[in-house]
Amino acid sequence: MKIHNEPAAPASITHDLIRQRVSNEKAAAPDRSKEDAVETSGISVKAEADPERLEQLRSAIREGKYSVPASEISARLIDEHLKAGE
């Protein structure tokens, strides 16, 4: 059995082909820089609307008086998840 080893393409040709492909892909990609957007959640809007309530919560947390049962947190998370699916 005879094995013929074909000479590989020179590295410079391979690199040139890679550069060309990357360049072509960049040129073909759509410009989405103007499509970016940011939305705030309802929670952040509520927090911004009532700075007095935020200060009360900060104070309660500092004093160690703020506690929310895990069952309430999990129920709220599930409710929000179900609302998002509607």
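A: The side chains of Glu63 and Lys65 meet in a salt bridge, 3.2 Å from N to O; the term denotes a side-chain nitrogen of Lys or Arg within 4 Å of a carboxyl oxygen of Asp or Glu. The model is predicted: local features need pLDDT of at least 70, side-chain atom pairs count only at pLDDT 80 or more, and totals for chains, interfaces and linings use all residues. Residues are numbered from 1 along each chain as its sequence is written, and side-chain values use heavy atoms, leaving out hydrogens and water.

Q: How many salt bridges does this rule give?

A: The count is four. Among them, Glu55 pairs with Arg62 at 3.4 Å, N to O. Salt bridges with shared partners join Glu55, Arg58 and Arg62 into one network.

Q: Is Lys65 buried or exposed?

A: Buried means under 20% relative accessible area, exposed over 50%, and partly exposed in between (1.4 Å probe, protein chains only). Lys65 is exposed at 64%, whereas Glu63 is partly exposed at 48%.

Q: Which residues form the nonpolar patch on the surface?

A: A patch takes residues with over 30% relative accessible area and no salt bridge, joining like charges within 9 Å and nonpolar side chains (Val, Leu, Ile, Met, Phe, Trp, Tyr) within 5 Å. Here Ile61, Tyr66, Val68, Ile73 and Leu77 form the patch, with about 470 Å² of accessible area together (Shrake-Rupley method, 1.4 Å probe; for residues, only the protein chains shown count as cover). Val68 lies in the loop between helix 3 (51–62) and helix 4 (70–84).

Terms used. Helix = DSSP H or I, 4+ residues; strand = E, 2+ residues; numbered from the N terminus.
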